Amino acid sequence: QVQLVESGGGLVQPGGSLTLSCAASGVIFSINAMGWYRQAPGKQRELVAAITSGLTTNYADSVKGRFTISRDNAKKMVYLQMNSLKPEDTAVYYCNADIKFSLSFPSRTYWGQGTQVTVSS
């Protein structure tokens, strides 16, 4: 059983910073792409940032220059450093990963339970 567990959310003032972490655990053969999505009230879930196993990154236009995604393959973790936070960044942030639990089976996508980020004065 594979699990993704996020941590690091909370309340921060506009202009502040937060770092989100996500740990993958369970029977894991390999992890391909990992990423962060977010969902604000009344809106669809959207991609924030993604990173491949080869460390190629991709960002939503709204967070470019402010957010940085990184990963530690040995620890099976992905991080999201968020700087210059804005009220519009308020959302539940979800970790996502494409994981193979066995060489013999195809990979599948797993999701964390989500962590709330609130940007408000």
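Modeller: A salt bridge is counted here when a side-chain nitrogen of Lys or Arg lies within 4 Å of a carboxyl oxygen of Asp or Glu. This is a predicted model, in which local features need pLDDT of at least 70 and side-chain atom pairs count only at pLDDT 80 or more, while totals for chains, interfaces and linings use all residues. Residues are numbered from 1 along each chain as its sequence is written, and side-chain values use heavy atoms, with hydrogens and water left out.

Biologist: How many salt bridges does a search of the whole structure find?

Modeller: Among them is the pair of K64 and D61, whose closest N and O atoms are 3.1 Å apart. R38 also forms one with E46, at 2.7 Å between the closest N and O atoms. Over the whole structure, the search gives a total of four.

Biologist: Which residues touch the most other members of the largest nonpolar core?

Modeller: Such a core is a set of buried Ala, Val, Leu, Ile, Met, Phe, Trp, Tyr and Cys residues joined through side-chain atoms within 4.5 Å. The largest one holds 32 residues, and those that touch the most other members are W36, L80, M82, Y93 and I99.

Technical notes
Buried < 20%, exposed > 50% of the residue type's maximum accessible area, 1.4 Å probe, protein only.
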